[in-house]
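Here are my notes on the model, as numbered points. Please read them with the structure open.

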Amino acid sequence: MKIEIIYLDNPFWRVELARIPLFVSGIVFDDKRITLDEFRAAKETGFLKDGIRLPFHQIPCLVVDGVSIAQTGAIGRFCGKLAGLYPKEDRISAALIDQFIDFASDLTNVVYIPPNSPLTESEKIETRKKLAEGELKRKLDMLEHNISENQHWLVGKEMTIADIAIWRCIGWLASDLVAGIPQPYFLKYPRITKVFKNVDNHPKIAEWVRKTYPLNYNRGYIE
């Protein structure tokens, strides 16, 4: 099976949900990192210059034996099943994992400001400061309350792609890439912080970070 994962050269959670499970389980894949200009062109045409099709003109895109697959959840589940980090038979556990992946999208949508937004940088910062005490806080309170006090992982007794999604999403939110969220911010969420650190301390996760994250990349430690 030939597997390619297409995204920009950065560790946003939507693509790490595919890259990390494969790496953790030792599955060989082509980590195809395109430039922003290449993506802009493909966003118009639906094709990369080498002919790879992007089904909905979006990335990440997973290509398996020449078949292109789009959308974060579909890609994450496929890679999670291959890696043994997503259940093939336990439907309830699978649904519980899915809800956390979808919730990571909810968190992203709360703070995301499009590049073509008319807001100035200072206005973006002020907007996110308000979100940190408003809608973002409301969402994080929900997440905290959906993690049991004695849970090591979000679903079940082992790490799943749900943990990877939340770990990287929170890391993004806690980094300086999302200007305006006061830091430290996440320490008031001990259950979220616990899950974050459990993933962060996983030997294969740490190896992947050392191997692929830029040296100057603030991946959002929660200290």
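1. Which residues of helix H8 (residues 190-200) are buried? They are Ile192, Thr193, Val195, Phe196, Asn198, Val199 and Asp200. Buried means under 20% relative accessible area, exposed over 50%, and partly exposed in between, with a 1.4 Å probe and protein chains only. Helices (H or I, at least four residues) and strands (E, at least two) are DSSP runs, numbered from the N terminus. The buried residues of H8 pack against helix H6 (135-145), H7 and H9, where contact means heavy atoms within 4.5 Å.

2. A word on the basis of these notes. This is a predicted model, in which local features need pLDDT of at least 70 and side-chain atom pairs count only at pLDDT 80 or more, while totals for chains, interfaces and linings use all residues. Residues are numbered from 1 along each chain as its sequence is written, and side-chain values use heavy atoms, with hydrogens and water left out.

3. The largest nonpolar core has 74 residues. Such a core is a set of buried Ala, Val, Leu, Ile, Met, Phe, Trp, Tyr and Cys residues joined through side-chain atoms within 4.5 Å. Leu107, Leu136, Leu140, Leu143, Ile170 and Leu173 have the most contacts inside this core. Helix H7 (residues 161-174) gives the most to the core, with eleven residues.

4. A pair of aromatic rings is described by the distance of the centres and the angle of the planes. Rings of Phe, Tyr and Trp (its six-membered ring) pair if their centres lie within 6.5 Å; planes under 30 degrees apart count as stacked, over 60 as edge-to-face and the rest as tilted. The count by this rule is seven aromatic pairs. In one of them, the ring centres of phenylalanine 12 and tryptophan 172 are 5.2 Å apart and the planes stand at 75°, so this pair is edge-to-face. Phenylalanine 12 lies in the loop between strand E1 (3-8) and helix H1 (13-24) and tryptophan 172 in helix H7, so the pair ties together parts 160 residues apart in sequence. Phenylalanine 12 and tryptophan 172 are both buried. Phe12 and Trp172 also form one aromatic cluster with Trp13.

5. How is the pair of phenylalanine 23 and tryptophan 208 arranged? This pair is tilted, at 4.9 Å centre to centre and 50° between the planes. Phenylalanine 23 is in helix H1 and tryptophan 208 in helix H9 (residues 203-212), so the link spans 185 residues of the chain. Both phenylalanine 23 and tryptophan 208 are buried.

6. Two charges sit over rings, by the criterion that NZ of Lys or CZ of Arg is within 6 Å of the ring centre and within 35 degrees of the ring normal. The charged end of lysine 204 sits over the ring of phenylalanine 23, 4.6 Å from the ring centre. The charged end of arginine 168 sits over the ring of tryptophan 167, 5.5 Å from the centre.

7. How do H1 and helix H4 (residues 91-111) cross? Their axes come within 11 Å and cross at roughly 150°. That makes H1 roughly antiparallel to H4. Axes are lines fitted to C-alpha atoms, for helices over the stretch in contact, and angles run from 0 to 180 degrees between N-to-C directions. Angles under 35 degrees count as roughly parallel, over 145 as roughly antiparallel, 65 to 115 as roughly perpendicular and the rest as oblique. Trp13, Arg14 and Leu17 in H1 meet Ile101, Ala104, Ser105, Thr108 and Asn109 in H4.

8. Serine 93 also belongs to helix H4. Serine 93 is buried, with a relative accessible area of 19%. Leaving aside residues up to four places away in sequence, serine 93 touches Pro87 and Val155.

9. Some backbone details deserve a check. The peptide bond from isoleucine 59 to proline 60 is cis, with omega near 5°; proline 60 lies in the loop between helix H2 (36-45) and strand E3 (61-64). Glutamine 183 and proline 184 are also joined by a cis peptide bond, with omega about -5°, and proline 184 is in the loop between H7 and H8.

10. Aspartate 65 is not a glycine, yet has a positive phi of about 50°. Aspartate 65 lies in the loop between E3 and strand E4 (67-70) and is exposed, with a relative accessible area of 53%.
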